[in-house]
Amino acid sequence: MPASLPDGRPSPASEGDFGSTGQPKLAIVLSGGGARGAYEAGVLSYVLDELPKTLGRPIRFDIITGTSVGAIHACFLAATVGAPGAGQFLAEMWRSLSIGDVYRMGVGNLLRMPLWLFGLQGSAIPLPVPNGGGDARLPGLFDTGPIEELVTKRIAWPAIHRNIKRGAVSALAVAATEIATGRSVVFIDSQNGADVGWTHDPFVIALPTRIGPSHALASAAIPILFPARKIDRAFYCDGGLRLNTPLAPALRLGADRVMVVGLRHRSTRQEEDRAARRRELAFMHPAYLAGKVLNALLLDRVEYDVERLRKTNEVLRKGSAEFGPEFLERINRPAAGVGQTAYRLIDDCLISPSRDLGDVAGECLGHRGTTSGLRNRLADLAMRTAARGAGPDKDLLSYIFFDRCYSDHLLELGRADASAAHDKLVEFFR
């Protein structure tokens, strides 16, 4: 595996003046979900490496937004515009992960779990930055130092700013939750600097900045489980708590077409009926409840946001058909007067799992053999605890199970689902 990610230098096909073509602005919106992100990486690897063979050109997104693990992927995309083999590299990065690589698990971590469950953990004490530098993290149940190091070293962070400056990317947006206020903060690195066209929403604010590793790691810090990060004078955790699918930022930044990668499987009625009784039996188990809480916080709005976008499109189309082509102009006049983003038709392309990712996590855990070494055994025990008693839904496990088998399965599922949507993707990018 290469020692570092591609440095983001453009291929000949991506050189030139990116902002002068007058083409629709394409955006990608990446959701959060911890270890479920391997599915997202599978979709991206297909889009980056396979679609260009059909289109005859590299894939490039003008606007890139992400939350949680999607924020890490968003930064990766912004750093590797035009770089050949970027999709394969992202997949290999996921395949290189193991539980021991992600978590530094010790006896203290296991002892803190029951204390946390019974509310006896006590106040969080900020941890110092490695090698000095002041307070930077509020501790979680897991020490995620290894994955922080991976993110810091494997993404060519200076390339992000270079690509934005030369117009290869017009904007990169990463969402995080400010712990002190509960607000969603969208960090935006763009050509326009402070001019981000935001609305006056007291619960979602935009902060123009130069995005770096701390922004991505803060966005990916699942509450309680992973350490919260300090940026400037405030601590931040997972952006998915309030803004898991950063679709609104993409639209406010000027997107005309949006590709959304979801991380939740929409179950059929038959699947729900088969699982119903086992869910009732598991209802009071902490692992089951924790998984459902994470789903509610991090996943449940993806389909809702896309469906709302489609309904808005339907209203705009019917309005134009009923009142003529000036309909959009007339309804946008009041919006312009108060600084609101103008209404417009937005094409979308949603890719989401064709299987329940919790089921895949449970199967991989069942195939997992014995491990050696105290740290690996403790990590393995933590994973099995996250699945024990959870009934048919291994949701909690699916967020924290950074396992090679699980990553392999999700990568292949993501590629297969993207391949099944090949024609839709080709139409979208054309």
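Tutor: Start with a term. A nonpolar core is a set of buried Ala, Val, Leu, Ile, Met, Phe, Trp, Tyr and Cys residues joined through side-chain atoms within 4.5 Å. Keep in mind that this is a predicted model.

Student: Which residues touch the most other members of the largest nonpolar core?

Tutor: The general idea comes before the case. In soluble globular proteins, nonpolar side chains tend to be buried together. Here the largest nonpolar core has 91 residues, and M259, L425 and F429 touch the most other members. Helix α3, residues 69-79, supplies the largest share of this core, with nine residues. Apart from this core lies another, of 22 residues, including A206, L251 and L350.

Student: Let me step back to the whole chain. How many helices and strands does the chain have?

Tutor: There are 20 helices and eleven strands. Of the 430 residues in the chain, 53% are buried. Now take contacts between residues at least 6 apart in sequence: 77% of them join residues at least 24 apart.

Student: Next, helix pairs. At what angle do the axes of α1 and α4 cross?

Tutor: Read the angle against a cut-off. Angles over 145 degrees count as roughly antiparallel. Helix α1 (residues 37-49) and helix α4 (residues 86-95) cross at roughly 160 degrees, and their axes come within 7 Å. The two helices are therefore roughly antiparallel to each other. The crossing of α1 past α4 is left-handed.

Student: Which residues make that contact?

Tutor: From α1 come G37, A38, A41, L44, S45, L48 and D49. From α4 come A86, G87, Q88, L90 and W94. By class, this contact of α1 with α4 has seven nonpolar, four polar and one charged residues.

Student: α1 also packs on α19. What is the angle there?

Tutor: About 45 degrees, with the axes of α1 and helix α19 (residues 404-420) 7 Å apart. On the α1 side, A38, Y39, A41, G42, V43, S45 and Y46 take part. They meet residues of α19 including L410, L411, R415 and D417. The contact of α1 with α19 divides into nine nonpolar, five polar and two charged residues.

Student: And α3 with α8: what is the handedness of that crossing?

Tutor: α3 passes α8 in a left-handed crossing. The axes of α3 and helix α8 (residues 157-165) come within 7 Å and cross at roughly 60 degrees. So α3 is oblique to α8. The contact joins C75, A78 and A79 of α3 to W157, A159, I160 and N163 of α8. It has six nonpolar, one polar and no charged residues.

Student: Where is L97?

Tutor: L97 sits in the loop between α4 and α5 (99-102). L97 is buried, at 8% relative accessibility. L97 and D403 are 306 residues apart in sequence, yet 6.5 Å apart in space, C-alpha to C-alpha.

Student: Last topic: backbone angles. What is the phi of S68?

Tutor: Most residues other than glycine have a negative phi. S68 is not a glycine, but its phi is positive, about 60 degrees. S68 lies in the loop between β2 (63-67) and α3. S68 is buried, with a relative accessible area of 1%.

Student: And D232: buried or exposed?

Tutor: Exposed, at 68% relative accessibility. The cut-off for exposed is over 50%. D232 has a positive phi near 55 degrees. D232 lies in the loop between β8 (228-231) and β9 (234-238).

Definitions and conventions. Residues are numbered from 1 along each chain as its sequence is written. This is a predicted model: local features need pLDDT of at least 70, side-chain atom pairs count only at pLDDT 80 or more; totals for chains, interfaces and linings use all residues. Side-chain values use heavy atoms; hydrogens and water are left out. Buried means under 20% relative accessible area, exposed over 50%, partly exposed in between (1.4 Å probe, protein chains only). Helices (H or I, at least four residues) and strands (E, at least two) are DSSP runs, numbered from the N terminus. Axes are lines fitted to C-alpha atoms, for helices over the stretch in contact, and angles run from 0 to 180 degrees between N-to-C directions. Angles under 35 degrees count as roughly parallel, over 145 as roughly antiparallel, 65 to 115 as roughly perpendicular and the rest as oblique. A crossing is left-handed if the near helix is turned anticlockwise from the far one by less than a right angle, and right-handed if clockwise. Contact means heavy atoms within 4.5 Å. Ala, Val, Leu, Ile, Met, Phe, Trp, Tyr, Cys and Pro count as nonpolar, Asp, Glu, Lys and Arg as charged, and the others, Gly among them, as polar.
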